[in-house]
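Let's take a friendly walk through a protein fold, one topic at a time. Please keep the structure open beside you as you read.

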Amino acid sequence: MKFDFFNESTPPLIGVDISTSAVKIVELSSSGKGSYRLEGYAISPIPKDAITDGNIVGLEQVSDAIKLAWKLLGSREKRAALALPSASVITKKMLMANDLRETDMETQVEAEANQYIPFPLEEVNIDFQVIGAAPNSPDEVEVLIAAARKEKIEDRVAAAEDAGLKVAVMDVDTYATEAAYSLVANQLPNGGKDQTVMIVDIGAVMMHINVLHDNNSVYTREQAFGGAQLTQEIQRRFGLSVEEAEIAKRKGGLPDSYESEVMQPFVQSLSTEVARALQFFTSSTQYNRVDHIVLAGGCAAIKAVDVMVQDRTQVNTIVANAFQSMSLGSRVKQNQLAIDAPSLLIACGLAMRGVD
Ligand SMILES: Nc1ncnc2c1ncn2[C@@H]1O[C@H](COP(=O)(O)OP(=O)(O)OP(=O)(O)O)[C@@H](O)[C@H]1O
Ligand SMILES: [Mg+2]
């Protein structure tokens, strides 16, 4: 299930996740037999407020961050797969006769889109993909339509191209998460088969929730909660700038009171947020339980966060590492990767589009 505004999605390419707090780039290659090799990755911070609500506000700041990340990556590859935040994409499934030609499908998609997209069609980019045979209807296929405002796409493309990249694919962040999750599923009993799994990506300002049942997405939701709250508290307590607080958070060096008085309470509220997400999910869907929680995003790097979440929710909880069974290129530092892996899930899913 892919959302592809540009059709030349042929490899090679790098996965570039432009998110609130940072640009994250992942480069994969094939190591044969359907397995991947992590050639390299890089993370470069984006100044506060340059991206708000998923929109690029400071174009130059963002493209500078992309430029730096690409330099740190140390690759020659300039073709990139980007993602739109799912909040700026409208998706809908429809049924179509299974013997339609491509052009007839396009006509039907446009007619359908006209009905549910709240903007003039000329301001919108639409793409669609046949997912497969329609359940209970042998003569029809299920088609996924995705639409996004052109300006949202153009902003991202501009930031990447100003940084010297060439945009080959525009995906959706939730789809990229699902692609990368297929690698994480190996960490679960029976590869996640027949299980209900809640992926909780906790970034700087948002908690992105995506529940999969039998490895298919059945539910998504966002809650305003993220690591920026912890950063702010560090700033306030210890009189640091944002940059200093971010560094301290990752590298340590804060007074002893930090763990018990600042970090622990934050992880408590994080666990409460996850419990709330669980509650929302079970009370608003046909599912009455979740078998596993997979934590991702920068906040999943906090020490013992999985233990606390599991304690609070009583659901088996793991931290996502999509690279666990990959071979590593010489540019990758294994120790640092163990810390960064959970925040690279989307970039990894995007990079997977560059490998046959
Ligand atoms: N090692 C670490 N320890 C603690 N916190 C960390 C660590 N690494 C990153 N973070 C925090 O995680 C957050 C960034 O996570 P991530 O990169 O997933 O966010 P994002 O994708 O930019 O944001 P969003 O998903 O909200 O748009 C920041 O608040 C950062 O301080
Ligand atoms: Mg994120």
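A residue is called buried if 20 or more other C-beta atoms lie within 10 Å of its own, exposed if 12 or fewer do, and partly exposed in between, with C-beta atoms placed from the backbone. This is a predicted model, in which local features need pLDDT of at least 70 and side-chain atom pairs count only at pLDDT 80 or more, while totals for chains, interfaces and linings use all residues. Residues are numbered from 1 along each chain as its sequence is written, and chains are lettered from A and ligands numbered from 1 in the order in which they are written.

Helices (H or I, at least four residues) and strands (E, at least two) are DSSP runs, numbered from the N terminus.

- Helix α5 covers residues 228–238, and its buried residues are Ala228, Leu230, Thr231 and Ile234.
- Seen down the axis, these buried residues fall within an arc of 160°, so they line one face of α5; the arc is that of the directions from the helix axis to the C-beta atoms.
- Gln232 and Arg236, on the other side of α5, are exposed.
- The cover over the buried residues of α5 includes α6 (242–251) and α7 (257–284), where a contact requires C-beta atoms, placed from the backbone, within 7 Å.

**Helix α3**
- Lys152, Ile153, Arg156, Ala159 and Ala160 are buried in α3.
- They cover an arc of only 130° around the axis, which puts them on the same side of α3.
- The 13 residues of α3 (residues 150–162) should span 18 Å at 1.5 Å a residue, and this agrees with its end C-alpha atoms being 18 Å apart; the expected span is 1.5 Å times one less than the number of residues.
- Just after α3 comes Gly164, with a positive phi of about 95°.

**The six-stranded sheet**
- This open sheet has the order β10-β6-β1-β2-β3-β16, with mixed pairing; two strands pair if DSSP finds at least two bridges between them.
- At the edges stand β10 (166–172) and β16 (327–328), each with a single partner strand, so one side of each has no neighbour in the sheet.
- β3 (residues 36–45) and β16 pair in the parallel sense over two bridges, and Leu38 stands opposite Leu328 in β16.
- Helix α1 (residues 59–73) packs on the sheet, where it touches β1 (14–18), β2 (22–30) and β3, and its direction makes about 140° with that of β3; axes are lines fitted to C-alpha atoms, for helices over the stretch in contact, and angles run from 0 to 180 degrees between N-to-C directions.
- Helix α4 (residues 173–184) lies across β6 (79–84) and β10, at about 85° to β10.

- Leu82 sits in strand β6 and is buried, with 24 other C-beta atoms within 10 Å.
- Beyond its neighbours within four places in sequence, Leu82 is in contact with Val16, Ile18, Arg156, Ala160, Val167 and Met170.

**The five-stranded sheet**
- Its strands form an open sheet in the order β13-β12-β11-β14-β15, with mixed pairing.
- The twist averages 20° from one strand to the next.
- β11 (residues 196–202) and β12 (residues 206–213) pair in the antiparallel sense over seven bridges, with Met198 opposite Val211 in β12.
- Helix α8 (residues 305–313) lies across β14 (292–296) and β15, running at about 160° to β15.

Conventions
Two residues are in contact if their C-beta atoms, placed from the backbone, lie within 7 Å.
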